[in-house]
Protein chains: 2
Amino acid sequence: MADALDQLKARMTDQHGLADIAYFLAWDQRTMMPPAGTGHRAQHIALLQRIGHEKLVDPEVGRLLGEIDEATLDPESDEAGLVRLTRRMYDKAVQVPAELRGEMALAAAEANPVWVKAKETSDFGLFLGPLERNVELRHRYIECFGPQEEPYDLLLDDFEPEMKTAEVTRIFDEIKAELVPLIAELRDRDVDDSFLFGRFPLDRQVALDHEVVDLFGHRPDTWRIDPTEHPFASGAGIDDIRITTHYYEDSLKSLFSTMHEYGHGLYEHQIPRRIANLPIGTGASLGLHESQSRLWENLVGRSMPFWRFFYPRLQEVFPDQLRNVELERFYAGINRVEPSLIRIRADEVTYGMHVILRFELEQDIVNGRVELRDLPQRWAEKMDEYLGVEVPDDANGVLQDTHWASGLIGYFSTYLLGTVMSVQIWEKAQDDVPDLEERIERGDFATLREWLADNVHVHGRKFTPRETLRRAVGSTIDAKPYLAYLKRKYGAPVAA
Amino acid sequence: MADALDQLKARMTDQHGLADIAYFLAWDQRTMMPPAGTGHRAQHIALLQRIGHEKLVDPEVGRLLGEIDEATLDPESDEAGLVRLTRRMYDKAVQVPAELRGEMALAAAEANPVWVKAKETSDFGLFLGPLERNVELRHRYIECFGPQEEPYDLLLDDFEPEMKTAEVTRIFDEIKAELVPLIAELRDRDVDDSFLFGRFPLDRQVALDHEVVDLFGHRPDTWRIDPTEHPFASGAGIDDIRITTHYYEDSLKSLFSTMHEYGHGLYEHQIPRRIANLPIGTGASLGLHESQSRLWENLVGRSMPFWRFFYPRLQEVFPDQLRNVELERFYAGINRVEPSLIRIRADEVTYGMHVILRFELEQDIVNGRVELRDLPQRWAEKMDEYLGVEVPDDANGVLQDTHWASGLIGYFSTYLLGTVMSVQIWEKAQDDVPDLEERIERGDFATLREWLADNVHVHGRKFTPRETLRRAVGSTIDAKPYLAYLKRKYGAPVAA
């Protein structure tokens, strides 16, 4: 069996390597590649994915898994984690014919440029055909797994393993019940954030983003930050972390976006070296990844302790804009709540409702409770109901996100699940390190970074997301800390 | 057989794709990668090479090749070219056990950092062990192919397919006989090039390099130029060409280096689209590649017609340095001949002797005619004999190039073979386009570019290098045009 384990390890190291390379090629595509390189790049990524898939569904992997008796392995061990994860990946992968996978990849590739054009012209009608095709293929994907009580579970599971639709619904309903009235209450508050939209010279923003990443901390010579259209974090391994941001001359958005991507980058950076080349050597799920980005962006980056430490430096970098803005006004400004149309520009409070809206619509789509052509109207109705905003056109409504064009149905909820978990993780860190906020106020970020390494990152993907969270905070996912945090931070009038 | 051809094409498309990806990863490593990423990168490149090799030596490839009757294919066709090349690659690859390939790759990877250190400390003794190991492995590699009349042929063939040691020796001896006295004659000429070492602000150099590449011509949105330590050209396909350069604030070197890499880039850029994803969709050999880079760097970039057109612009960009330097002085300066220690900094005339020295030493190494520990002394003797320069230390002598540390024995001669071919190709272009120089003097580079596309680049790697050259210029490789060109350009006193 030791031999079977070694063979499995070697095969899955290759499989993970191919995935890492494909992931890295996507970084280059979005930061460095000459625009016309798209054709080669799509072929190369598809080639790596195909070979990686062949390596995973190879009958030899099934044979090795059959030979390994998990009961004899220490369940805490890397080996047990690798076998559990490989079994899970293998069992799912072998259900889906290569032909269908190819069709799904092709349909997504074809839908994407149509979506770009539809968004540009704000014409949902243009996108309807490709969207129907993507949805139809998702149905065929679900059918591969036999009859399902809740078909959406299968899609969700691809992004947040073992999470169930019923559980997400319960959590999101709890959030909705509190958020909708909170937003209604906050929307009329008059908070000045005009100073956040002055002129912030790009070279100083670039230097500042590097400074913040240095301050938060990482091993030198292992990171880079580059500009891109839509920020993301990527890399080629724990020693090669690449985060991206989008600089706007007239706003400080890039600073918060950098903190967000830092959280993603740090998660991958702090995966234990001994498992870094294996499929268990990465974040446990999209949700847990988002818990890390949200933690650094919001719990740290929009907190008073952080800005008590860092605001003088920010004023020093942008004196013209901020010299006359005192800390309290700045803090209120960066935490201004205002219902708006676009998810990726939403504040900490309204963000959740953008996700809940998509989660609900996705279930209606998958369960055939909505005609796809009616999506723009359903979108507008929910935006009105949840956020009280009117959707002027498709570009600012149903067409704003790329996910559905890429066939990613079931993805959105991980954003809010991650946000919910970020507060649970933050509070557990505070329990363990009672003076955590004081430390941040003194510019000590190492304590938090190390706590995250020891309590979250250490597990990589050895356990399910649920088990990873349980090990980190001692409980399952729970919206209450998140809701209490929002009410504590935003419930009391900011400007009294 | 049509089916066998299709299958072979599909397999070799994958094989070529994997090679292209590995090639691209090396670009990133030398331009963008955080330094600590080396470990991941080495693993990823090795993974791609291993899978690519497995695809090539797969018995199924042998079976398909057996099924295809080349006699029934049009020898001009892409299919015939693909079958010829695949057969050649396959026949060589299956002779070498995977284990030996692994040992060679590992030994090179281990030798490289030792070489870096040896060069830094100018201590050849440090490098002796790893060099011995690389040489020993090359001997084992040669043995895989059975008894050889001239073992060095096998190494040469890896870099310049079907080129023989005897032929190179004949060409190089002919060159040596003419160059050594020419260099002795030129070395005492007093040519002022001090104005090439003023202050050339980096931002203007960057803009100028882009301007020159735009001027020489390429499809927009398909190229990029980045700084690196040792310039090279790379890319991920015909629509994604990446050249690199090294900027020096105190010199114009980067400009000529950019022209050189432009030639490499253009070759790959102008490969016909219909074969671009196949192994035949690349340059025919290292030598032919170098013919293209040398052509743009020297025959165009150091020519009077080009500078009649471009010198006013250069003076405009660097007025402080060049305002008072007239064209003739500038031309003499960029063509100054001066024997020196370092190959990559050598002028057009002395360059060849640096290569010949290495070619001769490599044969002595492979045939056991020199003890490796005596290499520094042999190096110094030849440098004195050929160039009349004294080698002060190993760093400026035998340790200057990375090739032997990377196990690349047999590579050097392609530099000079390419230079020789560049003049043959240039003169054939002039035969076909009698006013070629006048066109260049008018800033028309499209004519040359298109002539190269139609006469050299069009063939990709469909034919052997010898056959490719024959199709381009109507003859085999010949040093006479090259020697005549040098004597024409340099033989008459520049400053009379």
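In this predicted model, A:Arg471 has a relative accessible area of 27% and is therefore classed as partly exposed, since that value falls between the limits of 20% and 50%. The side chain of A:Arg471 meets that of A:Glu76 in a salt bridge, with a distance of 2.8 Å from N to O. A:Glu76 lies in the loop between helix H3 (59–67) and H4 of chain A, whereas A:Arg471 belongs to helix H20 (residues 465–473) of chain A, so the pair ties together parts that are 395 residues apart in sequence. A:Glu76 is likewise partly exposed, at 40% relative accessibility.

A further salt bridge within chain A joins A:Glu79 to A:Lys9, whose closest N and O atoms are 3.1 Å apart. This pair also links distant parts of the chain, for A:Glu79 is in helix H4 (residues 78–93) of chain A and A:Lys9 in helix H1 of chain A, 70 residues apart. Both partners are partly exposed, A:Glu79 at 25% relative accessibility and A:Lys9 with a relative accessible area of 27%.

Side chains of opposite charge can pair when their charged atoms come close. Over all chains, the count comes to 110 salt bridges.

Of these, 6 are found across the interface of chain B and chain A, and one of them is formed by B:Asp14 and A:Arg50, whose closest N and O atoms are 2.8 Å apart. The interface also holds 14 residue pairs in polar contact, both residues of each pair having a pLDDT of 80 or more. On the side of chain B that touches chain A, the elements that give two or more residues are helix H1 (2–31), helix H2 (38–57), strand E1 (223–227), strand E2 (233–237) and strand E3 (240–245) of chain B. The largest share of this side, 10 residues, comes from H1(B). By class, the side of chain B that touches chain A has 16 nonpolar, 9 polar and 11 charged residues. In total, 36 residues of chain B are in contact with 36 residues of chain A, and the two chains bury about 2,900 Å² between them, 61% of it on carbon and sulfur atoms.

A network of salt bridges links A:Asp28, A:Arg41, B:Asp240 and B:Arg242. A:Asp28 is located in helix H1 (residues 2–31) of chain A and is buried, because its relative accessible area of 0% is under 20%. Apart from neighbours within four places in sequence, A:Asp28 is in contact with A:Met33 and A:Arg41 of chain A, and with B:Phe24, B:Trp27 and B:Arg242 of chain B.

The largest nonpolar core has 149 residues, and those with the most contacts inside it are B:Ile175, B:Trp307 and B:Phe330. When neighbours within four places in sequence are left aside, the residues in contact with B:Phe330 include B:Phe195, B:Leu196, B:Leu252, B:Trp307 and B:Tyr311. A second, separate core has 148 residues, among them A:Ala111, A:Leu448, A:Val456 and A:Ile477. In soluble globular proteins, nonpolar side chains tend to be buried together.

Methods: Residues are numbered from 1 along each chain as its sequence is written. Chains are lettered from A and ligands numbered from 1 in the order in which they are written. Side-chain values use heavy atoms; hydrogens and water are left out. Contact means heavy atoms within 4.5 Å. Buried area is the accessible area (1.4 Å probe) that two parts lose on being put together, summed over both. A salt bridge is a side-chain nitrogen of Lys or Arg within 4 Å of a carboxyl oxygen of Asp or Glu. A polar contact is a pair of N or O atoms within 3.5 Å; within protein, one must be able to donate a hydrogen and the other to accept it, and residues adjacent in sequence count only if both atoms are side-chain atoms. Helices (H or I, at least four residues) and strands (E, at least two) are DSSP runs, numbered from the N terminus. Ala, Val, Leu, Ile, Met, Phe, Trp, Tyr, Cys and Pro count as nonpolar, Asp, Glu, Lys and Arg as charged, and the others, Gly among them, as polar. A nonpolar core is a set of buried Ala, Val, Leu, Ile, Met, Phe, Trp, Tyr and Cys residues joined through side-chain atoms within 4.5 Å. Buried means under 20% relative accessible area, exposed over 50%, partly exposed in between (1.4 Å probe, protein chains only).
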